[in-house]
Amino acid sequence: MAKENMTIRMEPELKAQASALFKSLGMDLSTATGIFYRQALRCHGLPFEVKIDEPNATTYAAMEAAEKGEVFGPFDELSDLMDELNA
């Protein structure tokens with residue numbers, strides 16, 4: 001089968017990280033890109049879930065407190081924080 005060239009624009013650091021990952025898997029960027037397209041065709045869409053991760057209510061409250069310069073918690077001791085996290 002004849003092959004065609006394609007140009008993809010991406011940040012240099014992203015390209016370097018992806019290239020290193022795929023090299024550790026025994027492939028180059030071209031092979032990985034081909035795998036992505038084959039999986040997209042097989043799935044009739046993106047081969048992974050695309051979503052916006054929404055913060056939960058506690059995170060929103062902490063963000064609002066931080067914007068107001070308030071301390072959220074508070075936790076005077078690391079052990080208090082860990083107890084809360086493990087609760």
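Reader: How do you know in which order the elements of the chain run from the N terminus on?

Author: In this predicted model, the elements run α-α-α-α from the N terminus on, and the chain has 4 helices and 0 strands. Helices (H or I, at least four residues) and strands (E, at least two) are DSSP runs, numbered from the N terminus. Residues are numbered from 1 along each chain as its sequence is written, local features need pLDDT of at least 70, side-chain atom pairs count only at pLDDT 80 or more, and totals for chains, interfaces and linings use all residues. Side-chain values use heavy atoms, with hydrogens and water left out.

Reader: How do you know that the length of helix H1 agrees with what it should span?

Author: The expected span of a helix is 1.5 Å times one less than its number of residues. The 13 residues of H1 (residues 12-24) should therefore span 18 Å, and the end C-alpha atoms of H1 are 18 Å apart, which agrees. Just after H1, Gly 26 takes a positive phi of about 85 degrees.

Reader: Why is the pair of Phe 36 and Tyr 37 called edge-to-face?

Author: Rings of Phe, Tyr and Trp (its six-membered ring) pair if their centres lie within 6.5 Å, and planes under 30 degrees apart count as stacked, over 60 as edge-to-face and the rest as tilted. The structure holds 2 aromatic pairs. In the pair of Phe 36 and Tyr 37, the distance is 5.5 Å centre to centre with 65 degrees between the planes, and the pair is edge-to-face.

Reader: What makes the pair of Phe 36 and Phe 48 tilted?

Author: The ring centres of Phe 36 and Phe 48 are 6.2 Å apart and their planes stand at 35 degrees, so this pair is tilted. Phe 36 lies in helix H2 (residues 29-43) and Phe 48 in the loop between H2 and helix H3 (57-67), so the pair ties together parts that are 12 residues apart in sequence. Ring pairs link Phe 36, Tyr 37 and Phe 48 into a cluster.

Reader: Why do Phe 36, Tyr 37 and Phe 48 count as partly exposed?

Author: Phe 36 has 29% relative accessibility and so counts as partly exposed; Tyr 37, at 41%, also counts as partly exposed, as does Phe 48 at 49%.

Reader: Why is His 44 called exposed, and what is its phi?

Author: His 44, in the loop between H2 and H3, has a relative accessible area of 76% and is therefore exposed. The phi of His 44 is near 60 degrees, a positive value in a residue other than glycine. Most residues other than glycine have a negative phi.

Reader: Is Asn 5 buried or exposed, and how do you know?

Author: Asn 5, found in the segment before H1, has 83% relative accessibility and so counts as exposed. The C-alpha atoms of Asn 5 and Ser 30, 25 residues apart along the chain, are separated by 9.8 Å.

How values were computed:
Buried < 20%, exposed > 50% of the residue type's maximum accessible area, 1.4 Å probe, protein only.
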